[in-house]
Amino acid sequence: MKKLELANTEDTPYLLLDKDNNKFEISGRSLPEDAFGFYGAAHEWLESYVDDANANTELVMNLDYFNSSSARNIVEMLLILEKITETGNVIKVTWLYKEDDDVMKGRGEEIQSVVELPFEIKMI
Amino acid sequence: MRMKVKQEGDTNVEFAPFSVDKEIHSQFIHQNMLMLYKGNFSQNTVVPLLHMMEENMHGMIDELVLQKKIFNVLVEVLQNISKHGHINDREQKFGMFMIGKADAGYFVSAGNLIKNEHAEKLSAKLSALAKLEVGELNALYKKSLRKPHGTKSGAGLGLIDIYRDSNSRVEFDFSKVNEQQSFYSIAITI
């Protein structure tokens, strides 16, 4: 599968979905007005990926801010990744937050509570 | 601290339909007004405004959590105008917003024109949110999170966020301007 890599912009995060190198990352800040315009491509990519995922997938999320439109699209992405848990392959989300950033820590916990896949929240 | 529509009889509704009324003017002078913007609201204008405020806040507010809450309220308020504001003849979404500091906390006020049908629905959503405790707001937020993009969810996620971040210190007002539009204003204290 061709990798999907989007450079960060003023209002969208860095996004990398790379099956060959087994690297999956979203970092920076996310505040597009209509986040589906940005995340739609990732949803599509992941829908294809989950049918033939790597043995071990780790999605690293390192956001310092995301708006409500992004929140919903991020959860939608994670719901797609949940399908991997049904296949016998391993999927894990690692949510990183900076020290003192209780807001991002709390938001990570919130997202963790609405999805059903291995989800670790780590301070960096 | 609300924004008000100009006096009745002002027919020039499409362009700058609201003015800074006396109350706001005196606040401007006597309190710490950080930014006041009146004009078109699109993502192109919203993002630079946010950058400016963010820079400002780094210098003024020590607590990271407070900075982030204010920033979040700003994003949600400004993007709501940019998404739902009524488009005038010049293809603009005219609105106004201000942010400042009062004794009670930081305040964000915004006002814009919206279609009357939308005003009714929005008023109902806001009234419903105003009745909820923090725990209920959090539960509602989580429930809405799982709904796919584009679903007509109950209250917009952004609105729930605004109530959460401000501990429900939200006031809102709708004034009918003419048969098509109303002026909607919201004031939030963080």
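**Tour of the salt bridges and the A–B interface**

Over all chains, this predicted model holds eleven salt bridges (a side-chain nitrogen of Lys or Arg within 4 Å of a carboxyl oxygen of Asp or Glu). Residues are numbered from 1 along each chain as its sequence is written, and chains are lettered from A in the order in which they are written. Local features need pLDDT of at least 70, side-chain atom pairs count only at pLDDT 80 or more, totals for chains, interfaces and linings use all residues, and side-chain values use heavy atoms, without hydrogens and water.

Select the interface. Here 30 residues of chain B are in contact with 30 residues of chain A (heavy atoms within 4.5 Å). On the chain B side, helix H3 (64–84) is one of the contributing elements, and H3(B) gives the most, ten residues (helices are DSSP runs of H or I, at least four residues, numbered from the N terminus).

Next, pick B:Lys68 and A:Asp101. They form a salt bridge with the closest N and O atoms 2.5 Å apart.

Move to A:Glu110 and B:Arg164, whose side chains meet in another salt bridge at 2.6 Å, N to O. The pair runs from helix H3 (residues 102–114) of chain A to helix H6 of chain B. A:Glu110 is buried at 10% relative accessible area, and B:Arg164 is buried at 15% (buried is under 20%, exposed over 50%, partly exposed in between; 1.4 Å probe, protein chains only).

Finally, select B:Glu179 and B:Lys176, a salt bridge at 3.7 Å between the closest N and O atoms; both residues are exposed.

How values were computed
Helices (H or I, at least four residues) and strands (E, at least two) are DSSP runs, numbered from the N terminus.
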